[in-house]
Amino acid sequence: MEDMEIDGTEAQPYVLIETGNLPITVGNRPIYTNGRYISKSTPTPLKSTKTGVVYDRRMRYHANIHEDEHHPEDPSRISSIQSMFKAAGCLEKMIPINAREVTKDEVRLVHTDEHWDFVAKTSALSEAQLGKVADDYNSIYVNKETALSARLSCGGVIELCKAVARGDVTNGFANVRPPGHHAEINEPMGFCFFNNVAVAAQCLKRDLKIEKVFILDWDIHHGNGTQKAFYNDPNVVYCSIHRYDNANFYPGDPQAGHTHVGNGPAKGKTINIPWPRPGMRDSDYIYAFNKVVMPIAYEFDPDIVIVSAGFDAAEGDPIGENHVTPAAFGHMTHMLKSLAAGKLVLALEGGYNLDSISNSALACVKVLLGEHPAKLGPIKPSQECVETIYQVIRVQSRYWSCLKPIYIDSAEEKVPGKLVIDIMDMVKLFRTRYLFSKLKMVPAPLAPERLANRFTDLLSSLYNDALFLLFSNDLHCKDVIIFFVHDIADTCATSNLTNLATSYMSDSVYQYIETIINQSYGIVDVDVPPPTNDTQKTDLHDLKDLLIFLWDHFVEYANPKKVVIIGAGRGCRSLMHCINDRDTMIMRFTACVIMVPGNNDPVPTIAKKGDIVNWYYENSLVLLPENHSVWTKKGVKKDSGKCISVKGLNNMSIHDKLHILRQDIIDYFLQRLTDFIPPRQ
Ligand SMILES: [Zn+2]
């Protein structure tokens, strides 16, 4: 392109045209090069976006026969959205696509003949019979017009999808009801009769030879019907972001969990992103899009994208209890527009707060029409979101190369003759060796049989030592001992392990140990063993026993004059049990207690009353981020110790906190040790 001649003296627009190898001249000047030439002719206008909209007032006829009982899936849902489009001046820019009734032939692509007949027959039922039908099924109501509304809703989504697939319009919004994604192959469910999106996707494949369809379901509920319809289909991706609450949120099906990925050749084509709790926000959805939805969508490379666009995850929805703003819906629409040459259909599903659904739908339609989505603010996903996404990636990385590193399932990989080692074991082993060679720290045997059985794993037994317990040489000669309780899963950080040759491990406790040993103090370093498969309760109970044992046999037995106790992350809670149990001795010898709890961990509290509460308050330092939940309470009680809010710690890992706070923590305990006058013995 470098030798291309461009006449820069004139202001007319130029167009680049492919010419093959024909020499072209304009006037006397040949202005072609490499088979292309620059023309001064009028450029063809940019293809403008055309946005379709489906609406038919007959879809309002489906209504609860008990008029005095308000039902959330109310006919005014679609009229309020339509009014919003009109009031915002969007409707006049959109191209109406007529809804029509879906045919039996189309419905049968997803549902059974019996289901078609069942829906059709409802229009001939008496009021009493309609009431009976509603009672027989899971979360539906029926009137004489239900069948018509359901056929129009489904037919409307088909027509819009076909218009987009053919290129009649670029994208569009199907403002339809009743919704569809809960409808099962053979029964209505959850306000749904025909699975609008699933039927439309099948019609595109059959009638327009569309090969690959990407369905994104952002309704707060899992689309059980859609998942089932495509569970064996490698050419349709079903990706759902939904509230799950460990299968306690509607539809309450464990199939909505992240481990359900599709079947046979369709493995990986079902992607469930199940939120563990209500209250998820914009950041969580955008994070899910950035980490999972968009990478997979790009890798899949669909011919069209259909969104099951429920707005019951929107801020203000009485059922969903999430907080997704119109701006975030706009951003998700914007991201999806980048796929499939812009062929994007949004089809309404749930959403029960009229203001929320209207504002959210409007934000999406504005983006469909070409506006930029509104500014979002910084994206800071919640801990639960990051953990959920991590679990999804672990499972889906087997099927998508964009989601590396590959997850190795230890249960499947651990076969006889194959060496599979827990990276955590490698870190522990290395840490033991390293701390021995650099600082003469030694691992300790764990004497009592019960504790040894409980806490000694395969690796420890190979070395006859409990690798989670390291102590400094000649501990018994030391005047000062630091009892440091942490979990190396928290305090060690690794770079990503996609390539071992460029991966690193960093131990934030190392510099503490080095300082302590350089001061000629003793240290007992406890890496709290990971939870077992047993209940958390047993685990806490065992950890408490373990720490009390270590206190008695390593700290107190060494007979120091002064002690400093430090807890980090998961270590804090177990440590507090130990302090509660050994309060008399601990109060006598301890110069101070320092706690660095995890961001979402409750601040551990002293259980006992009396002197210990005052003592703990006077002699502790609990370092917390500014956004820790403890600050939302009115006045932090003394039994939580001296809680300090530290700037800059928000959402920071324990590893990073220990690193950043190191000088402050060390200065603090050195000063306390100087000031502390031990009791006479
Ligand atoms: Zn829903």
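The model here is predicted.

Start with the zinc site. The protein donors are two OD atoms of Asp219, the ND1 atom of His221 and an OD atom of Asp312. They lie 2.0 to 2.7 Å from the zinc ion. For comparison, ideal angles are 109.5 degrees for four tetrahedral donors. Around this zinc ion, the four donor atoms subtend angles of 52 to 154°, so the arrangement is irregular.

Now follow the donors along the chain. Their spacing is D-x1-H-x90-D. Asp219 and Asp312 link distant parts of the chain, 93 residues apart. Asp219 sits in the loop between β9 (213–217) and α7 (224–229). Asp312 sits in the loop between β12 (304–309) and α9 (326–337). Asp219 and Asp312 are both buried.

Next, look at the sheet. Strands of a sheet pair through backbone hydrogen bonds, either parallel or antiparallel. Here eight strands form an open sheet with parallel pairing. Their order is β7-β6-β8-β13-β12-β9-β10-β11. The edges are β7 (95–96) and β11 (270–275). Each has a single partner strand, so one side of each is left without a neighbour in the sheet.

Two pairings show the detail. Strand β8 (residues 171–174) runs parallel to strand β13 (residues 344–348), and four bridges join them. Ala174 has Ala347 of β13 as its bridge partner. Strand β9 pairs with strand β10 (residues 236–243), also in the parallel sense, over five bridges. Here Ile215 has Tyr238 of β10 as its bridge partner.

Stay with β9. In a regular strand the side chains alternate between the two faces of the sheet. In β9, Val213, Ile215 and Asp217 point one way. Phe214 and Leu216 point the other way. Five of the five residues of β9 are buried, so this strand is largely enclosed by the rest of the structure.

Move on to a helix, α17 (residues 510–518). Its residues Tyr510, Tyr512, Ile513 and Ile516 are buried. They cover an arc of only 160° around the axis, which means they are on the same side of α17. What do the buried residues of α17 pack against? Their partners include two helices, α13 (423–439) and α22 (654–675). The strands β14 (441–444), β16 (480–486), β18 (505–507) and β19 (522–527) are also among them. After α17 comes Ser520, with a positive phi near 65°.

Thr122 lies in the loop between α3 (113–121) and α4 (127–136). Is Thr122 buried or exposed? Its relative accessible area is 3%, and buried means under 20%, so Thr122 is buried. Its side chain reaches the backbone oxygen of Val119 at 2.5 Å. Beyond its neighbours within four places in sequence, Thr122 is in contact with Leu130, Val142, Asn143, Lys144 and Ala147.

Finally, step back to the whole chain. The protein chain has 22 helices and 23 strands. Buried residues make up 52% of its 681 residues. Among contacts between residues at least 6 apart in sequence, 76% join residues at least 24 apart.

Note on methods:
Residues numbered from 1 in each chain as written. Predicted model: local features only at pLDDT ≥ 70, side-chain atom pairs only at ≥ 80, totals over all residues. Heavy atoms only, no water. Donors = N, O, S within 2.8 Å, 3.2 Å for Na, K, Ca; no water. Tetrahedral: all angles 85-135°; square planar, octahedral: opposite > 155°, others 65-115°. Buried < 20%, exposed > 50% of the residue type's maximum accessible area, 1.4 Å probe, protein only. Arc of directions from axis to C-beta. Contact = heavy atoms within 4.5 Å. Polar contact = N/O pair within 3.5 Å; in protein donor to acceptor, adjacent residues only side chain to side chain. Pairing = 2+ DSSP bridges.
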